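The following exercises are to be worked through with the sequence and the model at hand. Each task is followed by a solution in steps.

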Amino acid sequence: MPDAVKKPIPRPSPESAPYWQAAREHRLEIQHCDGCGQFWFPPSQSCPHCLASDFTWTPVPGRGKIFSFVTYHR
C-alpha cells in the first residue's frame, strides 16, 4: 500500500484561530459586528462594512466539509 499523502494543515492567524477552534469542535462560527450587525468572512480585526472593532464570534447554521483553505497575506 502506498504511503498516504500528507496534506497541508492550516496555520491559524490570531484573527482566524476562533474559526478553526470551532471547526475542530464541528461548529461553524463567523464574526458578527456589534456595531452594524453584519456578518463577514474571512476573519479580520475589524468589520469590513463599518470598520468597527467590536464583534462577536457567532454560531451559524449549516453543514459542510472543509476541503481546502487559503492563507491571506496582507
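**Exercise 1. Disulfides**

Determine how many disulfides there are, a disulfide being a pair of cysteine sulfur atoms within 2.5 Å.

Solution. The count comes to 0 disulfides. Cys-33 takes part in none, for the nearest cysteine sulfur, that of Cys-50, is 3.6 Å away. Seen from Cys-50, the closest cysteine sulfur is in Cys-33 at 3.6 Å, so the two are too far apart for a bond. As a next step, consider accessibility: buried means under 20% relative accessible area, exposed over 50%, and partly exposed in between, with a 1.4 Å probe and protein chains only. Cys-33 is buried at 2%, whereas Cys-50 is partly exposed at 36%.

A note on the basis of these values: this is a predicted model, in which local features need pLDDT of at least 70 and side-chain atom pairs count only at pLDDT 80 or more, while totals for chains, interfaces and linings use all residues. Residues are numbered from 1 along each chain as its sequence is written, and side-chain values use heavy atoms, with hydrogens and water left out.

**Exercise 2. Aromatic pairs**

Find the aromatic pairs and describe the geometry of two of them.

Solution. Rings of Phe, Tyr and Trp (its six-membered ring) pair if their centres lie within 6.5 Å; planes under 30 degrees apart count as stacked, over 60 as edge-to-face and the rest as tilted. By this rule the whole structure has 3 aromatic pairs.

1. In the pair of Tyr-19 and Phe-41, the ring centres are 5.1 Å apart and the planes stand at 55°, so the pair is tilted. Tyr-19 lies in helix 1 and Phe-41 in the loop between strand 2 (39–40) and strand 3 (55–59), so the pair ties together parts 22 residues apart in sequence. Helices (H or I, at least four residues) and strands (E, at least two) are DSSP runs, numbered from the N terminus. Tyr-19 is buried at 12% relative accessible area, and Phe-41 is partly exposed at 48%.
2. The rings of Trp-40 and Phe-55 have centres 5.7 Å apart and planes at 80°, so this pair is edge-to-face. The pair links distant parts of the chain, with Trp-40 in strand 2 and Phe-55 in strand 3, 15 residues apart. Trp-40 is buried at 6% relative accessibility, while Phe-55 is partly exposed at 27%.
3. One aromatic cluster is formed by Tyr-19, Trp-20 and Phe-41.

**Exercise 3. The segment before helix 1**

Where does Pro-8 lie, and is Pro-8 buried or exposed?

Solution. Pro-8 belongs to the segment before helix 1 (17–24). With 63% relative accessibility, Pro-8 counts as exposed. Pro-8 and Leu-28 are 20 residues apart in sequence, and their C-alpha atoms are 21 Å apart in space.

Now examine Ser-16 in turn. Ser-16 also lies in the segment before helix 1. At 11% relative accessibility, Ser-16 counts as buried. The Ser-16 side chain reaches the backbone nitrogen of Ser-13 at 3.0 Å.

Terms used:
A polar contact is a pair of N or O atoms within 3.5 Å; within protein, one must be able to donate a hydrogen and the other to accept it, and residues adjacent in sequence count only if both atoms are side-chain atoms.
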